[in-house]
Each structure stands twice: as C-alpha cells, then as structure tokens.
Amino acid sequence: MIKLGHRGYSAKYPENTMEAFVKAYDIGFDGIETDVQMSKDGELVLIHDEKINRTSNGKGFVRDYTLKELKQFNFAYKEKGLYLIPTLKELLTFIKGKEFLVNLEIKTDKIQYPDIEKKVVDMVKQLNVNQQVFYSSFCLESVIKLKQIDPKAYVGYLIENQYNSKRKLLKQYHITAFHPKYSYLNQIRVQDLKKDQIKIAVWTVPNLKEYERLKELGVDIIISNEYFK
C-alpha cells in the first residue's frame with residue numbers, strides 16, 4: 001500500500017509548499033499529492049484553491065497573476081516564516097532520482113486552463129520522472145485528455161459524490177484508477193472495484209482508525225495529512 005502526504009506533510013507544514021513536500025519525504029511518506037494550476041503567464045504552480053486568499057497574504061485568482069507576482073506573496077497559511085508558492089518544475093526537480101512519488105491533481109473542475117494537461121505531461125517527460133508521477137482530476141474531460149496524451153500513465157478519476165453513476169464511467173472510458181473520498185468506501189465497493197482490477201486511492205484519511213480500516217479493506221493508495229505508521 002502506498003502512503004501519500006495530502007498537499008505534502010500538511011498536518012505539520014503549510015500545505016502545497018516545498019517545505020511540506022520535503023518534510024513528507026523526510027518522515028517516510030511514499031510520496032505526496034498536490035494540485036496543479038496555471039498562472040497568468042502560463043507557469044504551472046502548485047496550489048489547491050483557485051484563489052490565493054485562504055493560503056497566502058494576498059487576494060485574487062491564481063490565473064490573474066504572473067509567476068513573478070505570485071512569488072511576492074507569503075503562502076505560510078497561519079504559520080510563521082516565509083513560504084513561497086512552488087512551481088511544478090521545482091517539485092519534479094526535487095523528486096528526480098529519489099524513491100518518491102507524486103500524485104498531480106489537475107485542477108480543472110472549476111477553471112479550464114488552456115492545454116494544462118499537455119503542459120503538465122510534457123514537463124514530466126522532459127524531466128524524465130514518468131515512473132514517479134500519477135495524475136488525477138475531478139474533471140472527467142481532463143481524465144480522458146490525460147489518458148489520450150499518455151496512454152501508459154496512471155490516471156485516476158476523483159469523486160466526492162454520485163458514486164454509482166461515476167463508477168459506471170470507469171468502464172465506459174476505460175479508466176483504471178478510482179479516487180473516491182474515504183467515507184464512500186466499504187467492503188462491497190472495494191470488492192466491486194477490485195474485480196475489475198481498478199486501482200483505489202482514497203482521500204483524505206482523517207485518523208488512525210480510518211487508516212487501519214481502509215488498509216484492511218485493501219485499498220492501493222491512502223492520502224492523508226498526517227503520517228500514520
């Protein structure tokens with residue numbers, strides 16, 4: 001079973017910062033999950049929200065700032081110290097040569113960034129870290145695009161609701177990885193997915209009790225803020 005730090009080691013460090021990613025590696029996570037969005041000048045940056053309001057000392061949409069402008073804000077998110085927004089290139093450069101995985105969530109469920117799927121896959125290939133990267137998205141269109149761009153890649157379909165209808169889409173579009181919210185999974189649903197050889201990644205596992213339950217059910221990937229031994 002693979003353990004991924006949700007937005008890095010976000011239980012201890014500001015989410016989606018290089019510090020959170022490095023500390024996740026240091027403590028023993030197998031990898032991290034993070035979110036990819038695009039700046040005004042087409043740079044790939046790692047941040048969960050479409051706006052910078054919650055996690056930084058700035059305001060407004062990510063897409064309305066250049067990378068240089070975004071780098072002027074502090075993404076400390078209630079912590080002390082200076083934490084700059086990381087780029088995808090910075091993260092991929094860090095993992096290169098390490099036994100460390102990255103799940104890149106393409107954030108297109110609210111904003112359709114032009115060609116973001118291809119830009120992300122191209123950068124992964126340029127840095128030759130293909131074997132270390134998983135892709136996922138809540139946006140079915142992005143999932144399909146990613147599969148077309150790189151048919152050999154791991155691409156997961158994220159869901160938070162409408163389990164039954166979205167479960168059917170896996171077969172329809174030949175999607176082999178499913179990323180439901182942890183609370184949606186039970187023994188019957190896990191068995192149903194496994195009979196079709198679908199990889200199961202669950203988020204965001206809140207405590208040790210749920211971690212142990214899901215581990216026993218046989219999920220493939222657990223995404224959590226905290227590191228559970």
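Trainee: Leaving aside neighbours within four places in sequence, which residues is valine 202 in contact with?

Mentor: This is a predicted model, and in it valine 202 is in contact with Pro180, Tyr182, Leu185, Leu214, Val219, Ile221, Ile222 and Ile223, its neighbours within four places in sequence being left aside. Contact here means heavy atoms within 4.5 Å.

Trainee: Which residues touch the most other members of the largest nonpolar core?

Mentor: Of its 55 residues, Leu92, Leu104, Val120, Tyr135, Tyr157 and Val202 touch the most other members. In soluble globular proteins, nonpolar side chains tend to be buried together.

Trainee: What makes H3 roughly parallel to H4?

Mentor: Helix H3, residues 88–95, packs with H4 at an angle of about 30°. Angles under 35 degrees count as roughly parallel, and therefore H3 is called roughly parallel to H4. The axes of H3 and H4 are 10 Å apart, and the crossing is right-handed.

Trainee: Which residues of H3 and H4 meet, and how do they divide by class?

Mentor: From H3 come Leu88, Lys89 and Leu92, which meet Val120, Met123 and Val124 of H4. By class, this contact has 5 nonpolar, no polar and 1 charged residues. Leu92 and Val120 were named above among the core residues that touch the most other members.

Trainee: Which residues make the contact of H4 with H5?

Mentor: H4 contributes Glu117, Lys118, Val121 and Lys125, while H5 contributes Ser142, Lys145, Leu146 and Ile149. These residues divide into 3 nonpolar, 1 polar and 4 charged.

Trainee: How do you know whether serine 142 is buried or exposed?

Mentor: Serine 142, in helix H5, has 0% relative accessibility. Buried means under 20%, so serine 142 counts as buried. Apart from residues up to four places away in sequence, serine 142 touches Ile106, Thr108, Glu117 and Ser137.

Trainee: What makes lysine 68 exposed?

Mentor: The relative accessibility of lysine 68 is 67%. Exposed means over 50%, and lysine 68 therefore counts as exposed. Lysine 68 lies in helix H2, residues 67–70. Its C-alpha atom is separated by 11 Å from that of proline 86, 18 residues apart along the chain.

Trainee: How do you know whether arginine 7 is buried or exposed?

Mentor: Arginine 7 has a relative accessible area of 14%. The limit for buried is under 20%, so arginine 7 is buried. Its place is in the loop between strand E1 (2–6) and helix H1 (18–27). Phi of arginine 7 is near 60°, a positive value in a residue other than glycine.

Trainee: Where is asparagine 16 found, and why is asparagine 16 called buried?

Mentor: Asparagine 16 is found in the loop between E1 and H1.

Definitions and conventions. Residues are numbered from 1 along each chain as its sequence is written. This is a predicted model: local features need pLDDT of at least 70, side-chain atom pairs count only at pLDDT 80 or more; totals for chains, interfaces and linings use all residues. Side-chain values use heavy atoms; hydrogens and water are left out. Helices (H or I, at least four residues) and strands (E, at least two) are DSSP runs, numbered from the N terminus. Ala, Val, Leu, Ile, Met, Phe, Trp, Tyr, Cys and Pro count as nonpolar, Asp, Glu, Lys and Arg as charged, and the others, Gly among them, as polar. Buried means under 20% relative accessible area, exposed over 50%, partly exposed in between (1.4 Å probe, protein chains only). A nonpolar core is a set of buried Ala, Val, Leu, Ile, Met, Phe, Trp, Tyr and Cys residues joined through side-chain atoms within 4.5 Å. Axes are lines fitted to C-alpha atoms, for helices over the stretch in contact, and angles run from 0 to 180 degrees between N-to-C directions. Angles under 35 degrees count as roughly parallel, over 145 as roughly antiparallel, 65 to 115 as roughly perpendicular and the rest as oblique. A crossing is left-handed if the near helix is turned anticlockwise from the far one by less than a right angle, and right-handed if clockwise.
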